[in-house]
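Have a look at it first, then read on.

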Amino acid sequence: MRTLLAASLAAAIALPQAPFVATPQDVVDRMLELAVLRSSDVVYDLGCGDGRIVIAAAQRYGARGVGVDIDPQRIDEARRNAKAAGVAHLVTFRVEDALQTDVSEATVVTLYLVASLNARLRPRLMSQLRPGARIVSHNFPIGDWEPDTVHPFTSVDGQSRTLFRWNIR
Ligand SMILES: C[S@@+](CC[C@H](N)C(=O)[O-])C[C@H]1O[C@@H](n2cnc3c(N)ncnc32)[C@H](O)[C@@H]1O
């Protein structure tokens, strides 16, 4: 009984806390611009979906990247997409809960999760990221952490969006 309970609890914890909704390419471009990406950057996308953000960072800027997602199907897709884009040597994708990800080597972290998950990630981001690192979040704040930049705009699909940027000091 106890084992059963533990197994169902573990399964519930591993469920995605943010659904898969891909960031449109024009919004990906803006996120990378807002991060002021350079080839020396290491980009972590927490909840990477089909991998498009780290793949774009590798293709356009030559940056190294790591994407983690709790859904193995997304990670399979991301790996296939990286191969097709010719950047598999620059990017790594892992099945992982973002709340367990070690982000200490990241110089840029991108997020398109939900506000509650962002808030739970905050202590990890604040303690592990080094000065000079940037966090860019699509549409969702990180608790009451005051962003350095708020960028509202309308994307190509006609939707109102907001990008938030935090600079680690
Ligand atoms: C809104 S999608 C964003 C995908 C991609 N970052 C993008 O912007 O196109 C959110 C992704 O986060 C993943 N996710 C949800 N909760 C997660 C968690 N705790 N750890 C890792 N990934 C998670 C989902 O499986 C989904 O693929």
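Valine 36 counts as exposed, because it has 12 C-beta neighbours inside 10 Å. Keep in mind that this is a predicted model. You'll find valine 36 in the loop between α2 and β1, just after α2. Its phi is near 50°, a positive value in a residue other than glycine. As background, most residues other than glycine have a negative phi.

Asparagine 139 also has a positive phi although it is not a glycine, this time about 70°. Asparagine 139 sits in the loop between β5 and β6 (149-154), and it is partly exposed, with 18 other C-beta atoms within 10 Å.

| Residue | Phi | Where |
|---|---|---|
| Valine 36 | about 50° | just after α2 |
| Asparagine 139 | about 70° | phi positive, not a glycine |

Now for the helices. Which residues of helix α2 (residues 25-34) are buried? They are Val27, Val28, Met31 and Leu32. Looking down the axis of α2, you'd see its buried residues fall within an arc of 140°, so they line one face of the helix. Their cover includes α3 (52-61), β4 (108-111), β5 (134-138) and β7 (160-167).

Helix α3 is largely enclosed by the rest of the structure, because seven of its ten residues are buried. Those are Arg52, Ile53, Val54, Ile55, Ala56, Ala57 and Ala58. They pack against α2, β1 (42-46), β2, α4, β3 and β4.

Strand β2 (64-69) runs parallel to strand β3 (residues 91-95), and five bridges join them. In one of the pairings, aspartate 69 has valine 95 in β3 as its bridge partner. To get from β2 to β3, the chain goes through helix α4 (residues 72-85), and this β-α-β crossover is right-handed.

Finally, the ligand. How many residues surround the ligand? There are 24, and the closest are Thr23, Gly47, Gly49, Ala98 and Tyr112. The shell divides into 14 nonpolar, four polar and six charged residues. Both α3 and β2 turn up again here, each supplying at least two residues of that shell.

Note on methods. Residues numbered from 1 in each chain as written. Predicted model: local features only at pLDDT ≥ 70, side-chain atom pairs only at ≥ 80, totals over all residues. Buried ≥ 20, exposed ≤ 12 C-beta atoms within 10 Å, placed from the backbone. Helix = DSSP H or I, 4+ residues; strand = E, 2+ residues; numbered from the N terminus. Arc of directions from axis to C-beta. Contact = placed C-beta atoms within 7 Å. Near = placed C-beta within 6 Å. Nonpolar A, V, L, I, M, F, W, Y, C, P; charged D, E, K, R; others polar. Pairing = 2+ DSSP bridges. Right-handed = clockwise from strand over helix to strand, strands pointing away.
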